[in-house]
Amino acid sequence: MAMSVVPMHPVIGAEIKGVDLTKPVDQETQAKIRKAFEDHVVVVFRGQDLADGDQVRAGEIFGKVVLRERPPVGDLSTQGGNWDTPFMYVTNIVENGKSLGSFGDGEMWFHHDTSYYEEPHRATLLYSQKLTSWGGETCFANQYAAYDNIPRKLRDKLEGRKVLQMHDYKRRERLNLDVVDLAKVRHHVQPIFITHPATGRKSLYVSRLMTARIEGMPMAESEEILAQLFDISEDPSIVYEHKWKIGDLVCWDNWCSIHMRKDFPREEPRLMRRCTIVGQTMHF
Ligand code: OGA
Ligand code: MN
């Protein structure tokens, strides 16, 4: 069966049909997948029965798969410990009092993955293995469109500004710089608007979960502008909501989209196998 690309939303998300990721994908099809990824920001492969190696091979269509590094000593991370492998498990499952993976329960606010790294990951591939009876949808927002939607005057005012990105391992709480010890959490200053290295398009680069402040601005003004930008970044018109089925592999462009997770029942297990693609420095 030939590959086809079926858009699922006017500005973000497409399903790629007719590709079996348990087998190597030919070069021509790989190029089509990359094109769909550039055009649609999020691509979904349904009904895939993927072994570990299949997911890594699928990841390599998009770039170099990251090997997870152990977090620095003293890091506040509660993330589960499988290191030096490509995989992290996104799960609420706890065994013998220890989490099998990361990100635990419930809602998680909009964020970019690793925006607090010097070289944020290019993409993330999430593969669903256990799902709850309701909830747990993942929503993706197109940040090229968000950039285009910023009122002209505000955009001009913010051009060339930088933001502090950090992750204190909370999932649904505004960062509080009065409390957080920056020495203990990973953080990095990034352009407020980035030029996407692959497409050359401008993208808004803030998120409600991870952007702490606009640099060089009084805190009150920074909070006011960020509140406005968060609303623009999450505008329902630019969001695709993914309703998971077992065997979905979703790959998102982590430079020009943000994502969030909806609530789900705590007492039911949810398990996603996740790998990421090597990134690079973000520029204006
Ligand atoms: C992630 C993430 C959301 C989800 O893996 O980076 O944000 O739906 N996952 O579990
Ligand atoms: Mn994430």
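Author: Here's a tour that begins at the metal and then moves out through the sheets. Keep in mind that this is a predicted model.

Let's begin with the ion. The manganese ion (ligand 2) has three protein donors: His111 through NE2, Asp113 through OD and His259 through NE2, lying 2.1 Å from the ion. Read along the chain, the donors follow the spacing H-x1-D-x145-H. The two histidines link distant parts of the chain: His111 sits in strand S8 (residues 108-111) and His259 in strand S18 (residues 257-261), 148 residues apart. Both side chains belong to covered positions. His111 is buried, with a relative accessible area of 2%, and His259 is buried too, at 4%.

Now for the sheet behind those histidines. S8 and S18 belong to an open sheet of 4 strands, in the order S8-S18-S10-S16, with antiparallel pairing. S8 is one of the edge strands and S16 (239-242) is the other, and each pairs on one side only. Ignoring direction, neighbouring strands of this sheet are turned by 15 degrees against each other on average. Towards the S16 end, strand S10 (residues 138-142) is joined to S16 by 4 bridges, and the two run antiparallel. Within that stretch, Ala141 stands opposite Val239.

His259 also turns up in the cavity story. The count comes to 1 cavity of 30 Å³ or more, and the largest cavity has a volume of about 130 Å³. It is lined by 13 residues, and the closest to its centre are Val90, Phe103, Met108, Leu126 and His259. S8 and S18 each supply at least two residues of that lining, with S18 giving the largest share, 3 residues.

Strand S4 (residues 88-91) pairs with S7 in the parallel sense over 2 bridges, and the bridge partner of Val90 in S7 is Ser102. Both strands are part of an open sheet of 8 strands, with mixed pairing and the order S1-S2-S3-S17-S9-S19-S4-S7. S1 (4-7) and S7 (102-103) stand at its edges, each with a single partner strand, so one side of each is left without a neighbour in the sheet.

Two helices pack on this sheet. Helix H1 (residues 27-40) touches S1, S2 (14-17), S3 (42-45), S9 (123-130) and S17 (249-253), and its direction makes about 130 degrees with that of S3. Helix H2 (residues 52-59) touches S4, S9, S17 and S19 (271-277), with its direction at about 35 degrees to that of S19.

S19 deserves a stop of its own. 7 of the 7 residues of S19 are buried, so the strand is largely enclosed by the rest of the structure. Both of its faces are covered: Leu271, Arg273, Cys275 and Ile277 are buried on one side, and Met272, Arg274 and Thr276 on the other. On one hand S19 is joined to S4 by 4 bridges, running antiparallel, and there Met88 stands opposite Arg274. On the other hand S19 pairs with S9 in the antiparallel sense over 7 bridges, where Leu271 is the bridge partner of Lys130.

Strand S11 (residues 162-167) is mostly covered, with 5 of its 6 residues buried. S11 pairs with strand S12 (residues 186-191) in the antiparallel sense over 6 bridges, and with strand S15 (residues 211-214), again antiparallel, over 3 bridges. Gln165 takes part in both pairings: its bridge partner in S12 is His188, while in S15 it stands opposite Thr211.

Ser203 is buried, with a relative accessible area of 0%. Leaving aside its neighbours within four places in sequence, Ser203 is in contact with Gln143, Tyr144, Tyr147, Ile192, Phe193, Ile194, Trp255 and Cys256.

Key. Residues are numbered from 1 along each chain as its sequence is written. Chains are lettered from A and ligands numbered from 1 in the order in which they are written. This is a predicted model: local features need pLDDT of at least 70, side-chain atom pairs count only at pLDDT 80 or more; totals for chains, interfaces and linings use all residues. Side-chain values use heavy atoms; hydrogens and water are left out. Donors are N, O and S atoms within 2.8 Å of the metal (3.2 Å for Na, K and Ca); water is not among the atoms, so sites may look incomplete. Buried means under 20% relative accessible area, exposed over 50%, partly exposed in between (1.4 Å probe, protein chains only). Two strands pair if DSSP finds at least two bridges between them. Contact means heavy atoms within 4.5 Å. Axes are lines fitted to C-alpha atoms, for helices over the stretch in contact, and angles run from 0 to 180 degrees between N-to-C directions. On a 1 Å grid over the protein atoms alone, a cavity is a set of points where a 1.4 Å probe fits but cannot get out, and a pocket is an open set with protein on both sides within 12 Å along at least five of seven lines; lining residues have an atom within 4 Å of a point. Grid points are joined across faces, edges and corners, and a volume is the space filled by probe spheres set on the points.
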